[in-house]
Amino acid sequence: MKNFFELLKNDFWKNNAILVQMLGLCPTLAVTSSAVNALGLSIATTCILILTNTIVSLVRKIILPEVRIPVYVLLIASLVTCTQIIMEAFMFTLYESLGIFIALIATNCIIIGRAEAYASKNNVFMSFFDGLFIGLGYTLVLVLVGSVREIIGKGTWFKGLEQIFGFRYADNYVQVLDSDCTLLIAILPPGAFLTLGLLIALKNFIDTSIFKNKKANETA
């Protein structure tokens with residue numbers, strides 16, 4: 001159980017794939033112009049992370065070391081293709097909105113990195129949760145970036161939920177700001193860089209100020 005919570009702490013916060021390891025930055029900067037786009041890509045990536053980790057852990061003892069990377073790439077590409085077909089069939093609007101970035105999940109270093117660094121060396125149970133926790137940390141950052149950019153740039157929050165959950169959710173969004181109070185730069189590429197940079201700075205502040213002081217008080 002201790003290892004389980006240590007894995008959660010490391011994957012979700014301490015070694016967050018985006019804020020610490022700086023992996024998967026291309027989709028993070030490109031698709032987060034809205035919270036819905038960010039959530040849609042995050043869900044797809046998390047599912048592929050979980051499936052990849054689980055399958056790699058199951059077959060890790062029968063894969064020859066010399067061919068393990070090509071096998072991982074083939075597995076990830078197959079899962080991404082299946083995900084792409086499912087999204088095209090059931091979430092076509094979101095599929096069109098995300099465009100090529102669905103296919104580019106196959107090149108996401110986070111997925112192959114966890115398959116090689118963790119799933120290939122650990123049991124199925126821990127590998128499953130490693131994929132889940134990494135995916136949740138990835139989702140947290142993407143949704144935060146997407147939310148900040150959408151609120152400042154468009155004045156809405158989670159507008160377009162029907163793209164994921166169906167037309168009954170078409171009006172389930174929050175109007176945070178009037179259109180006259182928005183800043184266009186937030187939904188442009190510079191807004192993505194600025195928002196992500198501020199989130200990284202916030203995490204570093206929390207780690208150095210809050211957690212460090214808490215640890216010092218416990219030691220004293």
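Student: How much accessible surface does the protein chain have, and what share belongs to carbon and sulfur atoms?

Tutor: This is a predicted model, and its accessible surface comes to about 12,100 Å². Carbon and sulfur atoms account for 69% of that surface.

Student: And how many of the residues count as buried?

Tutor: Of the 220 residues in the protein chain, 42% count as buried.

Student: What's the fold made of, in helices and strands?

Tutor: The protein chain has 10 helices and two strands. Going along the sequence, the pattern reads α-α-α-α-α-α-α-α-β-α-β-α. The radius of gyration is 19 Å, close to the 17 Å that the globule rule gives for 220 residues, so the chain is as compact as a globular protein of that length.

Student: What box do the C-alpha atoms fill?

Tutor: Roughly 60 × 60 × 30 Å, taken along the principal axes.

Student: What share of the contacts comes from residues 24 or more positions apart?

Tutor: Counting contacts with a separation of 6 or more, 76% are between residues 24 or more positions apart.

Student: OK, charges next. How many positive and negative ones are there, and how far apart are their mean positions?

Tutor: There are 16 positive and 14 negative charges, and their mean positions are 12 Å apart.

Student: How many salt bridges does the structure hold?

Tutor: Four. Side chains of opposite charge can pair when their charged atoms come close. Among the bridges here is the one between Arg-114 and Asp-11, with the closest N and O atoms 3.9 Å apart. Arg-114 sits in helix α7 (residues 109-117) and Asp-11 in helix α1 (residues 2-14), so this pair ties together parts that are 103 residues apart in sequence.

Student: Are Arg-114 and Asp-11 buried or exposed?

Tutor: Both Arg-114 and Asp-11 are buried. For Arg-114, the relative accessibility is 17%, and the cut-off for buried is under 20%.

Student: What about Phe-158, what's its phi?

Tutor: Phe-158 has a positive phi of about 65°, although it is not a glycine. Phe-158 is in the loop between β1 (156-157) and α9 (162-165). With a relative accessible area of 16%, Phe-158 is buried.

Student: Then there's Trp-157. Where is that one?

Tutor: Trp-157 is in strand β1. It is partly exposed, with a relative accessible area of 34%.

Student: What does Trp-157 touch, leaving out residues up to four places away in sequence?

Tutor: Ala-35, Ser-147, Glu-150, Ile-151, Tyr-173, Val-174 and Val-176. As for Gly-99, its C-alpha is 21 Å from that of Trp-157, and the two are 58 residues apart in sequence.

Student: Last one, Gln-163. Which helix is it in, and what is it in contact with beyond its neighbours within four places in sequence?

Tutor: Gln-163 is in helix α9. Its contacts, with those neighbours set aside, are Val-36, Asn-37, Met-91, Thr-93, Leu-94 and Ser-97. Gln-163 is buried, with a relative accessible area of 17%.

How values were computed:
Residues numbered from 1 in each chain as written. Predicted model: local features only at pLDDT ≥ 70, side-chain atom pairs only at ≥ 80, totals over all residues. Heavy atoms only, no water. Helix = DSSP H or I, 4+ residues; strand = E, 2+ residues; numbered from the N terminus. Rg over C-alpha atoms; globule rule 2.2 N^0.38 Å. Buried < 20%, exposed > 50% of the residue type's maximum accessible area, 1.4 Å probe, protein only. Contact = heavy atoms within 4.5 Å. Areas by Shrake-Rupley, 256 points an atom, 1.4 Å probe, with all protein chains shown as cover. Lys, Arg positive; Asp, Glu negative; His and termini not counted. Charge placed at Lys NZ, Arg CZ, Asp CG, Glu CD. Salt bridge = Lys/Arg side-chain N within 4 Å of Asp/Glu carboxyl O.
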